[in-house]
Structure formats: C-alpha cells, structure tokens
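Have a look through it, then go down the points below.

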Amino acid sequence: LLTVIEKVLLLQNIDLFSHITVEQLSFFAALAEEINIPTDQVLYREDDPPDGLYVVVAGAVSMRRAGDEIDRVGPNGSFGAWALFDDEPRLTTAETTEESRLLFVSRDDFYDVLADHVDIVAGLFKHLVERLRRLATVVEK
Amino acid sequence: MRSRLGEWIPTRPGEGFITSLMFTYIFGVLCFYYIVKPLKDGLFLANYPSADLPYPNFITALFAGTLATLVFKLGRRVSAITLLTATNLVILGTLLGFFFAIGTESRYLAYVFYVYVQIVSVLSTAQFWLLAGYIFDNQQAKRLYGLLGAGAIAGAMGGSTISGVISQTFRLGTGRRLLICVAICALLIGLSQVAWRFRRRDAEPGRASRWINEGSERLTELSRMVFTSRHLMLMVALVFVTLIASQIADWQVKDALYQRFKTFQPSQRKEQITQFLANLYLVTNIIGIALQVTATNLIVRRFGITGATFLLPVAVFTASWGVLLAPGLWTAVMADGGDAVFRYSVTRAGLELLYLPLPPTIRKRLKFFVDVFIDRLGRFAAALAILGFTLWLAGSPARLRATAVVSIVLTSCAMLICLALRRTYAEAFRQQLTHRQVDLAEAHQYLTDQSSVDLLIGALAGAHERQIVYALQLLESVRGVDFSAQLLPLLGHASPHVREQALRTLAALPPHHAAHAEALLADPEPAVRAAAVEYLCALEADQPHGRLTSLLAHASLDIRLAAARWAIANARRDFRTPQDAIDSLLATTGEDAVKARETAALLAGFLERSASVALLRRMLDDPEAVVAGAAARAAAAAGHSELIPRILAMLARPGLRSAAREALLAFGAPALVAAGKTLSDSNADPALRREVPWVLARMPNERSAAFLVERLGSRDPLLKFRVVKALNRLHERRPDLPARTVIARHIVAQTKSYYEALVLYQAFEPEERHNGSRLLVRALKERLDQNLELIFRLLGMQYPQKEIYSAYTALSDARADRRAAAVEFLDNLLHKNLKAVILPLLEGTSADRLIDRAQSLFGIRPKEREEALQIILEESDSWLKACALYEVGDKRIVALREIVQRLTEDREPLVRESAHWALAHCA
C-alpha cells in the first residue's frame, strides 16, 4: 500500500492542486483510497453522476467519448478532477486498458477536508482564477 | 432604567469612555460657538450699521474655505493631533488677544472678530469630525454619530444659555464670556490629547490632506455629475435657494435689531443685541430639539419627503409675507426663527431621505459638493443680494420689504422644487429597487416615508419573482400601513419563494391573518410551511401555552420540527414540553425517525432540568449529525453548561462543527473558559485544539486574548497559524488586544524561527532535482512562506493592519518597484529593533549573507545536509518529519537509522508510517 507521502507525490502533479501546499495535500492523501482494477473494467460511463478524482499509480486508462478514444492516461496522470466541483454528468467513459492501480479521492472526502482546512479553498480559488484569466486572454485574442 | 438607558445610548463595551469624551468635545465646540456667535453680531452692530453686514460675509465666503484648506494641507506635514492642538492653541491665543483688545474700542476689531468667529466655527467643527474619523470606524460611526449629534445640539443650547440667561443674571460682560471660551478651548485641547490615544491603529495617515485633494480636484467632475441628473440638480437647487433665503432671514433680524437699538450707546447696543440674539438662539434650539424628538418622524411618515422638505420654505414664505406687510423686529424674528427651527430638524431629516436612493459613492460625492461648494456659493449670492438692496435703498426702511420679496420668490421656488423632487425621488428609488441596490439594513430609513412605502407596495403587483421577494423583504420593517390587499394574494403565488417571503412579511400587518397562515401549513414546500409556523408562533410568543403547544402536537412531523426550531430561538424559558410528546417522537421508526429525533432533541431543552440534561447528554452522541447538532443547540439555549465539554469535543467532527460552534458561542463566558483550557491542554486531541481558536476569536475579550497568546509558541504549525489568525480577528474587534509588548516579543521569536527554517532549507537546496528531496525542499520552502505570513500577521497587531497587509501582498508582486516600495514603507514604519531582523529577509539579500545574519543575530550556524535532516527528525513538526523520513528512506541514509527506528513509535500515525517505510528502504 502507498504511504501518505507517496500519495502526496502523486497528487502534487495535478494541475488543480498547483497552489496547494504539500502539507495540505497530505490531508487529501490521508483519505485517498488505493484501488486495483483489472483490464477492460469501466470506471464510469458518459452521463454517469460525478463521484471523484482518479490518479493512475500504475497501468493505463482510456478516456472515450461517443466510442472514440480522446485520451489515454498513464502512470502519474489524473482524470475526473472537475468532478470534485461540478455536478454535471460525466462527459467521457473511463476504462482500464491494462491491469491498473489507481488512487481515488471521493467528492465527500474532498469536501470533508475543505471543511476542516478552509485555507485550502484559497489555493483552489487561485488556480481557478488563473484558469479564468488564461481563458479571458484567449477569448480576447 | 439601565436597559431603557441602553436603548438610547448605542455604545458597546469599551466604547463608553471615548464616546463620552467625544460627546463632551462636540458639546464644547458648539457651546463655544453659541457664546461667540451673538457676541460677534452685537459687537459688529455696535460699531457698524446693518447695511455693512454683507462685507464680512463676503470675506468669510471667500476666505473661510481657503483658510480651512491651508490648515488641512498642513496635515500633510504634521500629524492630525499636532494640527488639532496647534489650531486650538492659535484659537486660544487669539481669544486672549481679543480679551485684551476688547477695551481698546477699535472699530476694526468688530470686523475682525466677526470674520474670525465665522472661520473658527467652520474650522473647529471640521476638526472635530476629522478627529472622530480617526477614532471611530464605519460601523461605530453609524451607531455613534447620532449620539454625537445630540452632543452638538446640547452644546448649542448650553452656549445660548451662557450667552443669554446666565450672562444676564450674573452680569457677565464680553470679557468674561471670552474667558469662558478660553477655558472651553483649553478643555478641548486636553480632550483631544486624551481622545487621540484611542485612535484606531488602522486609521490612515494623511486623512485630512486627502479630503482636501478630493475637493479641489473634482469640482468639474462633481458639477458634471450634478447637471446630468435631474434629481441631483433639484436637490442642489433646493439647498441653494433655501440657504440664500436663510441668510436673508438672518440679515433681516439683525437689520431690525439695529433699527430698534440704533439710538442706544454702542456699548448698550452691543449688550442688547447680544442678549436678544442669545435668547433667540436658545428658544429656537429648544423648539428645534423638541420638534426633532416629538414630531419629525411623524411628519416624515405622514407627509413623506414633500412634507419634510416643504415646511421650511412654507414657514419662511409665510413669515416673509409678514415682513413685507408689517416690517419689524418680530416678523423678522418669525422668519429667522422658522428657518432655524425647521432647518436642523424636519428639513434635515427630509434632505437625508433625498440622499438615500443614491448609490453610496454618488451620495458621498454629492454631500461633499453641497457642503463645500454650494454652501459657499449660497452665502456669497446672499451677501451679494443683500448688498445690492442696501446700496439701492440706502437708509430706506423699504429695504426690509425688498429683501422679504426676494425671500418670497426664493421660497416659492423652493416649494416648487419640493414638488418636483417628489417625482424624481420616486424615480430614483424605483431605479434602486429595480437594480435591487437598496441596502436592507437601511430599509427602515426609507420606509419612514409614505411615498417609498407606496412604491414598494406597487412593486408587489409586478411580474418578476425576485423583485417581488425583494420588495417584500423591504416591507418587512414597515409598521402602521395596511397593505393586506396587495400582500394576501401573494400567499397563493405560484412561486414558493414568494409565498415564503409573503408569510414573513405578514408580521408587518396587524395580527389578524392567522387563518391565512394556517392554510399554508399544508403547503407542499417545507420552507413555506416553516414560515407559516414561525408566523403563527410569533403571534402569541408572549403566552406560555399559546399557539406553540398546539403546533408541537400537529399531525405533521414537519410542522412539529418547524415549531421546535422556532421554540428554541424564541420561546419563553418557562415553556415546558410534555415528556410523553418527546417519548412518542423518540419511539418513531422508519424514514421519519431522524426527523423525529431532531425534533425531540430541540424540545428536550424545555424539559425539567435534570431530565433535560440527561436526555441531551444521550442525544449529543446520536450517530446522526442533525440530531446531535440539534441537541447541542438545545443545550446552549437551555443554558446546560455541564454539557459544554461534550459539545466542545464535537468541534473535532466536521459534520457537527457548525452546530458546536453555534452552541458554544451561545453559551458565552462558560464556554470560553472551557475552550481556553482545552487549547492550553497539551494532552488534548490536536484536531480539537486546532478548532478552538475559531471560537475564541469570536468572543473578543481579555480572557480569550490571554488563552490565544499563551499558545503563540505552539510547536504545531497548524495550531499556531490558527491562533495567530484568531488573534488578528480579535484585534480587529478589540484593537487594544493583545498587549503590544507581548506581540513584539513574539514577532522576534517568529523571525528567529524563520532564520532557523531558512538554514535548514539552504542545506538541501542543491539536491532539489531529486524526487524525494524535492518534496522535502518544497515542504521547507512552504514552511518559510508560512513563517513570513505569520510575521506579517503579528506585525498587523502592532502596526496599522491594512497597511501591513498591503506591504505583504506587494512583497510577493512580480513588479520590482512595488516590492521596493513595500520595503521602503516598512523601513519607515518598523521599530529599529524589528527592522534589523526583518528587513534583510525582504530585501533580496543573498542566501549566504542571510545565513551570516542568522549567525550574528541569533547564533544559528549553517548546517550540512545530514545534520539538517537529523534536526528535522528530532525537533520539527510531524509533517516535516514525515518528509525527512521519506528523504532518509529514498536516499538510504543508514547513519540516521537509529532515529528512524525511534520514530516508528511516534504518537503521530503519519510519522510512524513514514518511519516504517524509511526503515524498510534502509534495510
């Protein structure tokens, strides 16, 4: 099993957490669940309700939309981060292409951590504002 | 008696002394003014004819503003208290000068004294409000400025009494009255010195000069703003014409007095005129304050804006007809007295209402424009008009009649403007309503006026749901107006939000709509049903077994729950719940079981004490958060302090935290002590201790500050961070807490921690490319950043908080000039001892020099990588220990195996887990 520190090392690569300190990441890491998934197993389908964020520890996950693969996520990669904020149904189907080990942070755990450590919210907002700014710049251009 | 007094005096604990000081100050300023005001007129008219009065008024209009500007510009170079003291000393000195010069019988003295009094009155009042701005923040200003206004009225009455009745009775001559003013001035100097010690630490320096800059730079901009809005234009026109009419009425009295006493010897004339005017001011002040207390609200409510603004022009118009038809002293007194009585009571209230529908920024700018420019322009125009007539009709008694005609014309214009304002006000208010910009906190001020209420009632017939809800919210504070015909149909509105708000607004109507609310107990929306319950319960809130009892026995569990929620916040403490009602709720099973237990928990607070405590103790452990939370709230409402430790423990559970916080704050002092002891107990659950600062910060007093300060040296970084944050919040509410000397000590200690962390960080930096050490280096870097934030948070309790915060944000700015400005600012602000330790951290000093600095300042010597790791493993907090353990395992540093072995038995699970991992990798 991964230690909290090892989980932190995985979580720190996620763009959404770029303004969160590694100590704050350890609060998510402590609650993150390690799951082993066999090959060709569907994690969620298009239009499923969002349940949380996944990080690939080992193996690979194919992201498909309307049957077409739009991305393949390998070790250290993550997917489903926006499900932590967004109530809208999943836009893609996620399916393992080989036997995989994943880290999963559920929405409930995510909000429990936020309730305990409101300072984390500032870091998340900072990232979201940065994204909005970038988007505004692109739209202006 | 005490509580009745409390309703009139809106001070809060800690504000009583400074408010009474400022009350005395403004009392002194106005008292001073009303002693010298009739004196200046008496002295002038003893030496010059009334026809000459416009000349000193010209001089005042031209130079009063300029002099005030010059004095305030001095404020850029000196502190506000130096400026204030210097000005008061100059006033005191000149008064003594007048005291000695008064016997010389120089005619020019009367001229100089007249202009002097007018200028000094403007200056003293402006300086008082400047001082008040340094002492009171916006929230305090809203509460306390009304009280200070009462001090001004009392001062005016006191001054008039001294100048009139007392001077007459005790035969006080001009000299003695001037000496009284000298004594008042000396008192004002003393008061300002004491008051200055209470200034807010975040009050911005250069306030006075900023005020001046705003004015001089924005005249064209302000004029453009006024002339592009019909409402603003009419407001300014009303102030302008009534000011001219007021100045004319003032001159008429003085002219009539001069005519009456012109055959007297100058000294006798001076005394007669001074006495007469002093008595006139006293009477008008008394009538004015009586009108303010008894009739102003009534007039505003009954006749609205138009009525409130109409009275002054009508009074002057009528009295001016009297002057025209029977020119003489008493008709002139009626005109001037009418103006004085209404100007500072009903008319002021009406004008304040006219400002209300304006957005706050425009309101502030318009007030400035009116107070500074229109006031001067009005006085100048009035002096010009009077001068024209006195020159044209020199020596003729017809000049009083001629000025009366001008007054009649002006007041007629004013009345027309009032009528036009009614429409523009309604339009401005309607626009505010449409944009939902009316501040709900200010709603009670709007709704003293009938036309505003009518507008809101009209909005209830609109088609927009949100606008209806908004109008209903504003109407909640209306009393004495029956709008049931418009409100009752909304109880059947398609939108549940409208139905819910309509029910809440029903309380504004007389209490005979219970049947309508009862019908809504069956509404499909829970929020509407809850609002119906609240309305019904509130109808008979003062009766122990009123509607509440029947609603608690209602067939619907939702209704019982809503009634129980209302009861916990509002029911009388002697209200009792039958035990069997609670038993039946607790026996409920199935899908309603949780709701039933929540209701039972809320009602348990109304059982007999021992049964109540026993049941609530049990329910605090309920697995459902809503039930345990309800039990906590009920325990607090019932005052069961023996349950505080149980509720305190709930802070560590996220789902229960909100209810526990609410309950602890409701307990007050007993909870503070329990929370403080938990914070001090190093054996208590760390997760619980970290939640305590939040609670203590919201109970700002010496005790909570002491508990928090005690933990400033905590080794748990998260706890320490929360303690400092809590102290920041507490300091905002109580700027005198915590003691500055204590904080100064902790700033130095925190800076030392920064240097210690920096030395450790420098030991690792070259290896940051490697995965493991990157985590440790990142963790150390983040700890350094957190340390710096703590230093600035502590500085915020020692120096102006806002400015320290600005400097802190500027230091992380990408722009070098902003960073340099922040360092420069701190260089000027900080005490030399703090400067020596803090500034090197901010000036971009090289790492090597900082390490040298750490050694010279605190004796911290540089570390090698392995030594740094050892220090972290032995002395740091659990997070850094865990990161260091990862580093040890990743790099297989066998030399540290012994320490790692020891850490496998650490009390923190994170450290134990990391130690096992490291040990396995080192093996």
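1. Helices (H or I, at least four residues) and strands (E, at least two) are DSSP runs, numbered from the N terminus. Chain A has 4 helices and 8 strands by that count. Going along the sequence, the pattern of chain A reads α-α-β-β-β-β-β-β-β-β-α-α.

2. Some ground rules. This is a predicted model, where local features need pLDDT of at least 70 and side-chain atom pairs count only at pLDDT 80 or more, while totals for chains, interfaces and linings use all residues. Residues are numbered from 1 along each chain as its sequence is written, chains are lettered from A and ligands numbered from 1 in the order in which they are written, and side-chain values use heavy atoms, with hydrogens and water left out.

3. How far to trust it? The model scores ipTM 0.92 and pTM 0.65. For chain B, pLDDT (the predictor's confidence in each residue, from 0 to 100) averages 85, and 91% of the residues score at least 70. Within chain B, helix α30 (residues 644–649) comes out highest with a mean of 96, and helix α8 (residues 207–217) lowest with 43. Go carefully around residues 204–217 of chain B: pLDDT stays under 50 there, and the model has 25 contacts beyond four places in sequence for them. Contact means heavy atoms within 4.5 Å.

4. Back to chain A, and one of its sheets. Four strands form an open sheet in the order β1-β8-β3-β6 (chain A), with antiparallel pairing; two strands pair if DSSP finds at least two bridges between them. β1 (33–37) and β6 (78–79) of chain A each have a single partner strand, so one side of each lacks a neighbour in the sheet. β6(A) pairs with strand β3 (residues 52–58) of chain A over 2 bridges, in the antiparallel sense. Val55(A) has Ser78(A) in β6(A) as its bridge partner. Helix α3 (residues 107–116) of chain A packs on this sheet, where it touches β3 and β8 (100–106) of chain A, and its direction makes about 50 degrees with that of β8(A). (Axes are lines fitted to C-alpha atoms, for helices over the stretch in contact; angles run from 0 to 180 degrees between N-to-C directions.)

5. There is also an open sheet of 4 strands in the order β2-β7-β4-β5 (chain A), again with antiparallel pairing. Its edge strands are β2 (42–44) and β5 (68–73) of chain A, each pairing on one side only. From one strand to the next, the twist averages 30 degrees. β2(A) pairs with strand β7 (residues 93–96) of chain A over 2 bridges, and Val42(A) stands opposite Glu95(A) in β7(A).

6. What about the inside? Buried means under 20% relative accessible area, exposed over 50%, partly exposed in between (1.4 Å probe, protein chains only). Of the 141 residues of chain A, 48% are buried. A nonpolar core is a set of buried Ala, Val, Leu, Ile, Met, Phe, Trp, Tyr and Cys residues joined through side-chain atoms within 4.5 Å. The largest has 208 residues, and among those touching the most other members are Phe17(A), Phe28(A), Phe483(B) and Leu842(B). Phe17(A) touches residues including Leu11(A), Leu53(A) and Phe110(A).

7. Finally, the interface: 22 residues of chain B contact 19 residues of chain A. The two chains bury about 1,800 Å² between them, 55% of it on carbon and sulfur atoms. Buried area is the accessible area (1.4 Å probe) that two parts lose on being put together, summed over both. On the chain B side, Leu775(B), Arg778(B) and Trp879(B) lose the most area to chain A, together 30% of what that side buries.
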